[in-house]
Amino acid sequence: MTASGGKGIFRQRTTRGGVFPAGQKYPMDQHFLQLRSRGCQGAWEVFQRAREMRLKAISDRTGANNAPTPRPDLRLALYFAPGEESMEAAWRETARRLSATTLFLTGEGDSLAGALGAGASGADLLVVGGLAPDMVTELARLAPAPLINAGNETARPCRVLADLLAASLYRDPAATSLETLRMGWLGDADGVNAGLVRSWLDAALCFHLELFLAFPQGHEPDADHLDFAMSAGAKIFLSYDPLPAVDGCHALAVAPWNSSARGLRPRHPLVSDTELVRAVAGIPVCSFDADVSPEADARWVADREACLQACQTAVVELMRPSTGDSVNVQQGDARSAATR
């Protein structure tokens, strides 16, 4: 389907039924690399637990329920590549709120995976951010503790879960279904934004929301990831024209637009197009572009970061083995049940 005015490549492709049977229970696996790597049920478990925490905090005006239950026996090993200071600060705050013992790992070069794996010895969970996909995969194989991908060029699962949670609560705190939620993306869908976009594609698949992506030509999403999500039944729309992605959406994610263009970087459509500025009025904006500064609601910004803390805490709670090697025991039980 072509976008209004003929500017876009607006299209949708779905198949009935999808690949995840309704009501099927997926066991939690040992690693949290991206949303659908745990099965859609796993993504729902994280989302629902985080939602419970946020609703509890919102209902308690004194703020007493805004902090998670302290877990002083929890040991988190953290490693973040240079340039990921914001992500590292968010996870440091999660560790602080949990009163967890924190190990800060260091290393570089070809031996990084082995060094981090050895450094995580004795930790309950290993959290890494900014590592190349092959390094994360190798580390998941070597690490003695379950691994959480805090974000890289392949996926940023906690950030996208948090923004999805914030958008859904902003629209209707009582709504338990996301099928009528419409999210918009405005900006490059590749490069430094590739992980964010891939996680949004996963979210569209797992939560059955509508995802409208607008991006400049030459900055399309990863084709394999896009084809997988759309062929599995995700409601995803694509356009080179920014306006259709903004018009009618309930929340908007804004990332750099055509960041690789030569010479002066083009202004973002949200800033330069007055029609878009009017269209986005009153819509909460998840901004990933320092040059874009729509009228910011201080409460929305605070809620968005509170949702990130809730999602990160939920991931820690659901991945931490309760006793002994319970994660591997659960995996073994699940595999046994699948063969019966």
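Helices (H or I, at least four residues) and strands (E, at least two) are DSSP runs, numbered from the N terminus. I kept in mind that this is a predicted model, where local features need pLDDT of at least 70, side-chain atom pairs count only at pLDDT 80 or more, and totals for chains, interfaces and linings use all residues. Residues are numbered from 1 along each chain as its sequence is written, and side-chain values use heavy atoms, with hydrogens and water left out.

**Pairing.** I started at strand 1 (residues 75–80), which runs parallel to strand 2 and is joined to it by 4 bridges. Leu76 has Thr102 as its bridge partner in strand 2 and Leu125 as its partner in strand 3. Strands 1 and 3 are also parallel, with 5 bridges.

**Order.** I then read off an open sheet of 4 strands, ordered 2-1-3-4 with parallel pairing. Strand 2 (101–104) and strand 4 are the edges, each pairing on one side only.

**Crossover.** Strand 3 and strand 4 (residues 147–151) share 4 bridges and run parallel. From strand 3 the chain passes through helix 4 (residues 133–142) to strand 4, a right-handed β-α-β crossover (with the strands pointing away from the viewer, the path from the first strand over the helix to the second runs clockwise).

**Burial.** Is strand 3 buried or exposed? I found 5 of its 5 residues (125–129) buried, so the strand is largely enclosed by the rest of the structure. Buried here means under 20% relative accessible area, exposed over 50%, partly exposed in between (1.4 Å probe, protein chains only).

Notes
Pairing = 2+ DSSP bridges.
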